[in-house]
Amino acid sequence: MDPKAILTAAAALIDDRGVNYGGIEANFERAAALATLKLNRTLTAYDVAIVMESVKDARRAIAPEHYDSHIDGINYRAFALLLSGAQKNVPTTPELAAMLNKMGAERE
């Protein structure tokens, strides 16, 4: 299986689980609220994603050939990024054009 096929499988699993469990943010916020009550300390949806990823990492350490642990681990890492609030600054097309024009002008 090539890396793109692995990521495609991970994305398909998100869609499948979303049908059964609802949206990612709501599901992880619900899990964080339940864990907060049980542990008597505040956990966030991001914390839940990191813990779930850690569970998959622990399982993968014992059974590295177990397909599900790898795929779920990829998804939990993606969920952690989503829930972290990190934003990637991706320039818009006009911003890219301006940057390229500026670079061209500097070369002249």
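The model is predicted: local features require pLDDT of at least 70 and side-chain atom pairs pLDDT 80 or more, while totals for chains, interfaces and linings use all residues. Residues are numbered from 1 along each chain as its sequence is written, and side-chain values use heavy atoms, with hydrogens and water left out.

**Helix α1**

Begin by selecting residues 3-21, which form helix α1; helices are DSSP runs of H or I, at least four residues, numbered from the N terminus. Helix α1 has 19 residues and reaches 26 Å from its first C-alpha to its last, close to the 27 Å expected at 1.5 Å a residue (the expected span is 1.5 Å times one less than the number of residues). Next, display the side chain of D2, which caps the N-terminal end of α1, with an oxygen 2.9 Å from the backbone nitrogen of K4. Just after α1, select G22, where phi is positive, at about 90°.

**Helices α3 and α4**

Select residues 45-62 (α3) together with residues 67-84 (α4); their axes come within 8 Å and cross at roughly 160°. Axes are lines fitted to C-alpha atoms over the stretch in contact, and angles run from 0 to 180 degrees between N-to-C directions. The two helices are therefore roughly antiparallel to each other (angles over 145 degrees). Their crossing is left-handed, a term for a near helix turned anticlockwise from the far one by less than a right angle. To see the contact (heavy atoms within 4.5 Å), display residues including Y46, I50 and M52 of α3 and Y76, F79 and L83 of α4. By class, this contact has 9 nonpolar, 4 polar and 7 charged residues. Ala, Val, Leu, Ile, Met, Phe, Trp, Tyr, Cys and Pro count as nonpolar, Asp, Glu, Lys and Arg as charged, and the others, Gly among them, as polar.

**Helix α2 against α4**

I24, E25 and F28 of α2 make the contact with Y76, F79, L82 and L83 of α4. These residues divide into 6 nonpolar, no polar and 1 charged.

**Helix α2 against α3**

Finally, turn to α2 and α3, whose axes come within 8 Å and cross at roughly 90°. That makes α2 roughly perpendicular to α3. Select F28, E29, A31 and A32 in α2, which meet A45, V48 and A49 in α3. The contact of α2 with α3 comprises 6 nonpolar residues, no polar and 1 charged.

Notes:
Polar contact = N/O pair within 3.5 Å; in protein donor to acceptor, adjacent residues only side chain to side chain. Parallel < 35°, antiparallel > 145°, perpendicular 65-115°, else oblique.
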